[in-house]
Amino acid sequence: MLLKVRNLSKSFQNGTRAIEDLSFDIPAGKITAFLGFNGAGKTTSLKIILNLLLPDEGKIYFENKLLKNDFTPLLKQTGVVLESARNMFYALTPMENFIYWGAQRGLNKKVAQKNGLELLEKFDLLSKKDTVIFELSRGMQQIIAICCALISKPKFLVLDEPTLGLDIEAVETVERILKTLASEGVAILLTTHELAFAQRIADQILLIKKGRLIYSGSKADCLDKFNQEKFITVQFSQALSNNQRAVLESIAKIISINNTTYQLVLSNRKNLSHLLKFLTQFKLMDLKTKNKGLNEVVDFYMKGKNEDGSIKSGISA
Ligand SMILES: Nc1ncnc2c1ncn2[C@@H]1O[C@H](COP(=O)(O)OP(=O)(O)OP(=O)(O)O)[C@@H](O)[C@H]1O
Ligand SMILES: [Mg+2]
């Protein structure tokens, strides 16, 4: 495990308990999405991991080594893009930024330039290498900020709201970049409020509510558990006879009938093949299935459930 966070807690001087007893793991080569409402404690957690804030309690292990006062082992291997404009010098060009940020990481000018050119080429921004950051679009600026964070080829990349203010195309580019990096083995921890983006990109989900972790696990498991029940809408060419309806009811629960359109719920996926077999005898006008997404999962956890912060039974970490 690249990073292990154990029992992290932090209160601010004004009495705000920002995070409480947080524990989670960040594996190499995976994208972990840190989700939660405004003020839930995401940025505070990131800042503690990056040694920008001290926790009241808790331990952080990087490559199985406990970090005490010295976070150098982690910081040397970590690239960071925080949610602000302070990740770059806007009056400088991408190449000048790479040289500066490379030097901060102990890279000489030549290596920083070489790494920078490779990154610009990889992310299709080579033509902008000598354009001052001010003159780039918001999306390009964000990609350059990511390049600056990657200049020393870190193993761990931390991004606070990397898609904030980006249009669909720029979000897709960031998505492609992050997926590429993860496939190359980089561990990525990002916060986002864009659940559709998180659903597309994340391997792991961390869900935090009022400073407490209420879900952690793989995205696939999380969605799978929420999609045990299958919602299916079938439109037949004509209404079913009473007999046919009885057979259908023995396979799936009928939740509504509107003319020839039936809404069904399958509580057991084993019944899917029975249902399909049953349906083959009819002329069908339409068939739709609906899967629940991360927005429904987050809704479930955030709205009223788990007020005590406990992990909901049945869907455990
Ligand atoms: N320096 C600070 N002093 C006092 N309270 C703070 C400080 N920084 C954060 N907080 C409080 O800690 C809590 C967690 O804030 P944090 O910024 O970590 O939330 P977040 O999950 O990143 O929210 P957002 O989604 O809005 O970015 C909030 O109640 C916030 O007001
Ligand atoms: Mg934040």
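Before I start, residues are numbered from 1 along each chain as its sequence is written, and chains are lettered from A and ligands numbered from 1 in the order in which they are written. Because this is a predicted model, local features need pLDDT of at least 70 and side-chain atom pairs count only at pLDDT 80 or more, while totals for chains, interfaces and linings use all residues, and side-chain values use heavy atoms, with hydrogens and water left out.

Let me begin with the chain as a whole, for which the domain assignment, whose bounds come from an automatic or database source, gives domain 1 (3–219) and domain 2 (228–290). The C-alpha centres of these two domains lie 46 Å apart.

Now to the ligand. Which residues are the closest to ligand 1? The shell holds 14 residues, and the closest are G39, K42, T43, T44 and H193, where a residue counts as near if one of its heavy atoms lies within 4 Å of the molecule. By class, this shell has 4 nonpolar, 8 polar and 2 charged residues; Ala, Val, Leu, Ile, Met, Phe, Trp, Tyr, Cys and Pro count as nonpolar, Asp, Glu, Lys and Arg as charged, and the others, Gly among them, as polar. Helix α1 (residues 42–49) gives the most to the shell, with 3 residues, a helix here being a DSSP run of H or I with at least four residues, and a strand a run of E with at least two.

Is T44 buried or exposed? T44, which sits in helix α1, is buried because its relative accessible area is 12%, and buried means under 20%, exposed over 50%, and partly exposed in between. Leaving aside residues up to four places away in sequence, T44 touches K10, F12, A18 and L53, contact meaning heavy atoms within 4.5 Å.

F37, by comparison, is in the loop between β3 (31–35) and α1, and F37 is partly exposed, with a relative accessible area of 45%.

How values were computed:
Buried means under 20% relative accessible area, exposed over 50%, partly exposed in between (1.4 Å probe, protein chains only).
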